[in-house]
Amino acid sequence: MNNMFLSSLEKRRSVYNLGNSVTLPVNKISELINQAIKLSPSAFHSQSTRVVVLFGDHHQKLWAMVKRELSKRISPEELESRLSKIDACFAAGFGTVLFFEDISVIQELEQTYPLYANNFEKWAEQANGMAQLSVWTALASENIGANLQHYNPLIDDSVAQEWQIPQSWKLIAQMPFGTIESMPDDKKFIPDEERCLIFN
């Protein structure tokens with residue numbers, strides 16, 4: 001099937017061999033990420049997803065923070081391989097997108113629409129996932145590789161303090177990105193009929 005959107009989705013992969021030789025200007029990358037977030041859907045058009053984009057020293061500071069927090073919590077035997085992976089797969093990139101949810105927006109919706117109060121947190125997580133996919137695919141369309149990590153809640157307090165994050169923002173995921181130094185292996189897929197039931 002010749003479909004530009006599906007081609008873009010196919011291009012989006014978990015790229016772990018990242019480099020920092022991105023030639024797209026920082027302001028263009030920032031605009032790309034901002035637009036991808038803006039155009040992503042959310043329940044009741046709540047727009048509760050927030051992002052912080054880290055470049056340069058800020059990007060490096062984040063991954064040093066991750067290493068520092070991990071060092072406090074895992075055994076020395078495990079630590080070396082974990083730290084080397086962080087250096088090679090995440091810190092080696094050009095930047096990182098931090099994804100958050102603004103809990104104050106969710107709480108306001110819960111009060112305004114009590115009938116759906118039990119669903120808003122779940123719907124916000126779904127919206128955040130769609131925003132992550134939108135950003136990831138937008139980066140891939142510019143030949144920028146990325147992967148998705150979840151070092152929260154280990155780093156939540158340190159991140160909030162370092163970048164003065166509003167108290168109502170809850171950290172959800174981290175997406176390091178950069179040049180694609182090598183492509184991942186081909187993906188294997190389950191048969192279509194196991195994934196999709198069609199009645200006509």
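Asp192 counts as exposed, at 52% relative accessibility, in a model that is predicted. The side chain of Asp192 meets that of Arg195 in a salt bridge of 2.5 Å, N to O. A search of the whole structure finds seven salt bridges.

- Helix α8 spans residues 192–195 and holds both Asp192 and Arg195, which are three residues apart, about one turn of the helix.
- An α-helix has 3.6 residues a turn, so residues three or four places apart point the same way.
- Arg195 is partly exposed, with a relative accessible area of 47%, whereas Asp192 is exposed because its 52% lies over the 50% cut-off.

- Glu69 is buried, with a relative accessible area of 6%, while Arg73 is partly exposed at 48%.

- Glu162 and Lys61 form a salt bridge through their side chains, at 3.2 Å from N to O.
- This pair links distant parts of the chain, since Glu162 belongs to helix α7 and Lys61 to helix α3 (residues 56–71), 101 residues apart.
- Both partners count as partly exposed: Glu162 has 35% relative accessibility and Lys61 has 37%.

**Ser158 in helix α7**
- Ser158 lies in helix α7, which covers residues 156–162.
- The side chains of Ser158 and Glu69 are joined by a polar contact of 3.4 Å.
- When residues up to four places away in sequence are not counted, Ser158 touches Met65 and Glu69.

**Helix α6**
- Helix α6 has 22 residues and reaches 31 Å from its first C-alpha to its last, close to the 32 Å expected at 1.5 Å a residue.
- The buried residues of α6 include Phe120, Asn128, Gln132, Trp136 and Leu139.
- Asn143, which follows α6, has a positive phi, near 60°.

**Nonpolar surface patch**
- A nonpolar patch on the surface is formed by Phe44, Tyr113, Leu115 and Tyr116, with about 430 Å² of accessible area together.
- Leu115, one of the patch residues, lies in the loop between α5 (103–112) and α6 (120–141).
- Leu115 is exposed, with a relative accessible area of 74%.

How values were computed. Residues are numbered from 1 along each chain as its sequence is written. This is a predicted model: local features need pLDDT of at least 70, side-chain atom pairs count only at pLDDT 80 or more; totals for chains, interfaces and linings use all residues. Side-chain values use heavy atoms; hydrogens and water are left out. Helices (H or I, at least four residues) and strands (E, at least two) are DSSP runs, numbered from the N terminus. A polar contact is a pair of N or O atoms within 3.5 Å; within protein, one must be able to donate a hydrogen and the other to accept it, and residues adjacent in sequence count only if both atoms are side-chain atoms. Contact means heavy atoms within 4.5 Å. Patches are made of residues with over 30% relative accessible area and no salt bridge: like charges are joined within 9 Å, nonpolar side chains (Val, Leu, Ile, Met, Phe, Trp, Tyr) within 5 Å. Accessible areas come from the Shrake-Rupley method with a 1.4 Å probe; for residues, only the protein chains shown count as cover. A salt bridge is a side-chain nitrogen of Lys or Arg within 4 Å of a carboxyl oxygen of Asp or Glu. Buried means under 20% relative accessible area, exposed over 50%, partly exposed in between (1.4 Å probe, protein chains only). The expected span of a helix is 1.5 Å times one less than its number of residues.
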